[in-house]
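Please look over the model below before reading on.

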Amino acid sequence: MLYAESTAAVKRAGFRERLSSGELLRFPGAFNPLSARLIQQRGFDGVYVSGAVVAADLGLPDIGLTTLSEVAGRARQIARMTELPVLVDADTGFGEPMNVARSVQELEDAGVAGVHIEDQVNPKRCGHLDGKEVVDEQTAINRIRAAVQARRDANLLIMARTDSRAVAGLPAAIDRMKALVDAGADAIFPEALTSLAEFEAVRAALDVPILANMTEFGKSELFTVDQLRDVGVNIVIWPVSLLRLAMGAALAGLEELETAGSLAGLLPRMQHRADLYDLIDYAGYNAFDSGVFNFTLEK
Ligand SMILES: C[C@](O)(C(=O)O)[C@H](CC(=O)O)C(=O)O
Ligand SMILES: [Mg+2]
């Protein structure tokens, strides 16, 4: 009932422990707190909060228009509804290194277990689009140093994302990744790698956990969990996938309404009321105050 039982500190410590085991952790992106609960119910390892999804949800493109407050607010709503660790996309950190520091503290207060900060210039864009630009290495390092110094819980994972692969090629990108690890990054998000061999090369060059971004319609082939595990990836995200699936289903529903005039034919494709109530633990509220919330439902 109500919010998750685990504190943020417990979730962060658990995340660190699982990461140190070297296994591959699966983090689908939640587009709202309810979908985060579905991710948890299905036994995934963590929840990703995508900047692209926060923006798209507001009807905006992913070009750095969303504010720290909007992202932290969404991250807080999601983190408090799941026992799983939440990894949040902090884009470029929302400004200069001092802004990065404040962003990290705000997101830490929101209860997330990890934050990633990238080296794109502002205005940024999706890492799988052409025409990206990255800041110079010292600026990228300064962002990560500021993030590391700002956290108050040493278990908050600071992940450095670099978009340099598409801009400067893999060898230069790997040099930058090493510099970001030296600056204190706990993990690396090598954006827009194109092949499993590239993940293997990054794995061989670094001693910290690495993340694979399996976003659709981008530059990366959609590798399987097994393929990514075999090349030593530690976290895989499907950042926008649930939103894409949900929007696809919503469109199909609207088309059915237009043509059939009723949604009766789509009932088998819908989440049943009973499953929704299960996901939000309606029974827990019923037990808390059966005088007000009692309700039974046949499926
Ligand atoms: C991971 C990402 O940063 C996100 O915001 O989810 C995006 C995903 C996308 O736009 O497909 C990205 O830049 O890769
Ligand atoms: Mg993003």
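The points below take these topics in turn.

1. Basis. This is a predicted model, in which local features need pLDDT of at least 70, side-chain atom pairs count only at pLDDT 80 or more, and totals for chains, interfaces and linings use all residues. Residues are numbered from 1 along each chain as its sequence is written, chains are lettered from A and ligands numbered from 1 in the order in which they are written, and side-chain values use heavy atoms, with hydrogens and water left out.

2. Ligand shell. Ligand 1 has 16 residues around it; a residue counts if one of its heavy atoms lies within 4 Å. Those that come nearest are S50, A52, G127, E191 and T215. By class, the shell holds five nonpolar, six polar and five charged residues. Here Ala, Val, Leu, Ile, Met, Phe, Trp, Tyr, Cys and Pro count as nonpolar, Asp, Glu, Lys and Arg as charged, and the others, Gly among them, as polar.

3. Backbone contacts. Which distances separate backbone N or O atoms from oxygen atoms of ligand 1? For A52 the value is 2.7 Å. G127 also has a backbone N or O atom 2.7 Å from a ligand oxygen. For G51 the value is 3.2 Å. A polar contact is a pair of N or O atoms within 3.5 Å. The protein buries 96% of the 350 Å² that ligand 1 exposes when taken alone (Shrake-Rupley areas, 1.4 Å probe).

4. Pockets. Ligand 1 sits in the second largest pocket, meaning that more than half of its atoms lie within 2 Å of the pocket's grid points. A pocket is an open set of points on a 1 Å grid over the protein atoms alone, where a 1.4 Å probe fits, with protein on both sides within 12 Å along at least five of seven lines; lining residues have an atom within 4 Å of a point. The largest pocket has about 820 Å³ of space, the volume filled by probe spheres set on the points.

5. Lining of the largest pocket. It has 22 residues, and A246, A249, R269, M270 and Q271 lie nearest the pocket centre. Helix 2 (33-41) and helix 11 (241-260) each give two or more residues. Helix 11 gives the largest share, seven residues. The lining has 16 nonpolar, four polar and two charged residues.

6. Backbone geometry. Most residues other than glycine have a negative phi, and most peptide bonds are trans. The N122 to P123 peptide bond is cis, with omega near 0 degrees. P123 lies in the loop between strand 4 (114-118) and helix 6 (137-150). D91 has a positive phi, near 50 degrees. D91 lies in the loop between strand 3 (86-89) and helix 5 (97-109). Helices (H or I, at least four residues) and strands (E, at least two) are DSSP runs.

Definitions and conventions
A polar contact is a pair of N or O atoms within 3.5 Å; within protein, one must be able to donate a hydrogen and the other to accept it, and residues adjacent in sequence count only if both atoms are side-chain atoms.
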